[in-house]
Amino acid sequence: MTETPGAGTSRTSFLGEVRDAVSLRATLLVIGVVALQLLFIASYVGALHNPKPRDVAFGVVAPQVTAEQTVARLKRLPGSPLDPRAVPDAAGARKQILNRDIDGALVVDTRGTKDTLLVATGGGTVLATTLETITTTLERAEQRTVRVVDVAPASSQDFDGLSSFYLVVGWCVGGYLCASILAISAGARPADPRRAVIRLIVMALVAVVGGLGGAVIVGPVLGALPGSVPAFWGLGALITFAVGAATLALQGVFGVVGIGLAILLVVIAGNPSAGGAFPLPLLPPFWNAIGPALPPGAGTWVARSIAYFKGNAVTGPLLVLSAWALAGILVTLLGALLRRKHEDLLDRPESAGPSGSPGG
């Protein structure tokens, strides 16, 4: 006699368990995770599956008439792989490469048939190799040859010039993971400005320690990158704090969803557009455009400049990282302040009597 009710209860219980286990909030979060998963695939494969040079800044050193003819010929190349411009002399071309104004230069020998290609593998081995391939093909068609001179060579311990990128990725991961842990351990939204300040201070301390650790590992410990340890330390602290503060800000505004938004910005959009595996001129237009504005791209540029380009051309990227840090601080504090004011408004009617005066 109890079999039928038992069966009915079992079915109801199972459906109830499903509803409890898969709440609307959980369903939305799962959908968000799937969306991030698909965006991750689309972003990485879209950016990296078919690298092609586009408008690579390229110098031509030759007498005026020859330089004009060579620049015109390079501009006519299918797909516009190069953005050529005449440079007065070889010394000027070297200086522009070290200043990161151009990525390579062809020095034409008007008295012979052997020209010189200046490249900088410190800015990305793949880009230097691409320039060599393009130039060699063109020179062969003109029955000329080319020798390659590396103006800013990558370290022998820095395979394909990727160490700068992986260093920056590590700092970024430390930033958003630390901010996420602070949120998960005590609620995504800071309860008041004081707690928000405490979280930012903790984030700053973590950034200082993580920045120093990364600089020591890639420098004295592994010898992967040349360059000043203090300079890398400062860069690492700035990157870690900028990403962490931005993550705290997103959590303060959107709650736990903010963690997903941080991953979207830093990992999904930022990493493939950072110019790590393939330097910016080899990326499709969308990723080429957004990369310098995101922490991984700005950080990778500065790290390579510190290691191989005498610290040149870092003002813009450092301003980008500083803007992320400042925006993260302001939004985190403002969000906490507005939340506290909102909570005070909600509490006020409960503590007042009918006439608006305090009541029991």
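Trainee: How much space lies in the second largest pocket?

Mentor: About 270 Å³. This is a predicted model, where local features need pLDDT of at least 70 and side-chain atom pairs count only at pLDDT 80 or more, while totals for chains, interfaces and linings use all residues. Residues are numbered from 1 along each chain as its sequence is written, and side-chain values use heavy atoms, without hydrogens or water.

Trainee: What makes a residue part of the lining?

Mentor: An atom within 4 Å of a point of the pocket, which is an open set on a 1 Å grid over the protein atoms alone where a 1.4 Å probe fits, with protein on both sides within 12 Å along at least five of seven lines. Leu-28, Leu-29, Gly-32, Val-33, Ala-35, Leu-36, Leu-39, Val-256, Val-257, Gly-260, Leu-261 and Leu-264 therefore count as lining the second largest pocket.

Trainee: Which helix supplies the largest share of that lining?

Mentor: H2, with seven residues. Helix H2 (24-48) and helix H9 (257-270) each supply at least two; helices are DSSP runs of H or I of at least four residues.

Trainee: What is the volume of the largest pocket?

Mentor: About 440 Å³, as the space filled by probe spheres set on its points. Of its 28 lining residues, the closest to the centre are Arg-100, Asp-103, Leu-280, Pro-281 and Trp-301. H11 gives the most to this lining, five residues, and the lining divides into 16 nonpolar, eight polar and four charged.

Note on methods:
Nonpolar A, V, L, I, M, F, W, Y, C, P; charged D, E, K, R; others polar.
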